[in-house]
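Dear colleague,

Please find below the structure that I am handing over to you. My notes on what was found in it follow.

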Amino acid sequence: MSEIIVSPSILSADFANLQNEVEELEKCGADWIHVDVMDGHFVPNLTIGAPVVKAIKPHCSIPLDVHLMIDNPQNYIEDFVKAGADIITFHYEAAKDLTEDIISHIKSHDILVGLSIKPKTEPQEILKYLLMVDMVLVMTVEPGFGGQTFMEDCAKKIPIIKQNAPENLIIQVDGGINDKTAKVCKNLGANSFVAGSYIFKSPDMEEAINSLKD
Ligand code: DX5
Ligand code: ZN
């Protein structure tokens, strides 16, 4: 795996053609496949669940990076593990006092665990968990929809997390990521980029993915 992890979001893919879409992403150099799970409560949108993860699993050999934007994430961990998730990221705002338990639960399945924060959550709130997780996902838009504009203020959280993190913590950003905003985040210390519309709207997905690694 290269130093930078690019995780294209299939939220912008053709849902009628997901097998081809994930196969194409892999051919074009994606490191992970980002799967956005929304429940219509934690965020005002509904997307996909564990059955879709299970359906795409046999068609990709790269890790499935599952981003849970749902309330009560603790109730769904088993389903996503069984479906084939390789990384499960949940939101601190949905977990609060249960954060440590959920981290342990995910880790007990020998997969990677990520902790995410929304734009209004201060990074200081999650510093105590940095030694327990593999990844922190800093949202750079309000979660819920693809195609929104990058919030530069959110990127200021990256160095705060970096300064307090162990060397190998993955710092991922998600929302409004393109070649330019990825560079801003990379300079601040991020090393994993989720991008939906930028990659899928590009005439050349391989070039778009590579541009996030520059
Ligand atoms: C937003 C999702 C993102 C989304 C990103 O709530 O978590 O992963 O797909 O889409 P773009 O890259 O279009 O901002
Ligand atoms: Zn996401």
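In helix H7 (residues 157-164), Lys157, Ile158 and Ile161 are buried; buried means under 20% relative accessible area, exposed over 50%, and partly exposed in between, with a 1.4 Å probe and protein chains only. Helices (H or I, at least four residues) and strands (E, at least two) are DSSP runs, numbered from the N terminus. Seen down the axis of H7, the buried residues fall within an arc of 100°, so they line one face of the helix; the arc is that of the directions from the helix axis to the C-beta atoms. These buried residues pack against E5, E6, helix H6 (152-155), strand E7 (170-174) and helix H8 (179-188), where contact means heavy atoms within 4.5 Å.

Please note that this is a predicted model, in which local features need pLDDT of at least 70 and side-chain atom pairs count only at pLDDT 80 or more, while totals for chains, interfaces and linings use all residues. Residues are numbered from 1 along each chain as its sequence is written, chains are lettered from A and ligands numbered from 1 in the order in which they are written, and side-chain values use heavy atoms, with hydrogens and water left out.

Which residues coordinate the zinc ion (ligand 2)? They are His34 (NE2), Asp36 (OD), His67 (ND1) and Asp174 (OD), at 2.0 to 2.3 Å. Donors are N, O and S atoms within 2.8 Å of the metal (3.2 Å for Na, K and Ca); water is not among the atoms, so sites may look incomplete. The six donor atoms around the zinc ion (ligand 2) subtend angles of 69 to 168°, which makes the arrangement octahedral, a term for six donors if opposite donors are over 155 degrees apart and all others between 65 and 115. Asp36 in strand E2 (residues 33-38) and Asp174 in strand E7 link distant parts of the chain, 138 residues apart. Asp36 is buried, with a relative accessible area of 6%, and Asp174 is buried as well, at 8%.

The structure also holds one aromatic pair. Tyr92 and Tyr129 form this pair, which is tilted, with 6.2 Å centre to centre and 50° between the planes. Rings of Phe, Tyr and Trp (its six-membered ring) pair if their centres lie within 6.5 Å; planes under 30 degrees apart count as stacked, over 60 as edge-to-face and the rest as tilted. Both Tyr92 and Tyr129 are buried.

Yours sincerely

How values were computed. Four donors count as tetrahedral if all angles lie between 85 and 135 degrees; four count as square planar and six as octahedral if opposite donors are over 155 degrees apart and all others between 65 and 115; anything else is irregular.
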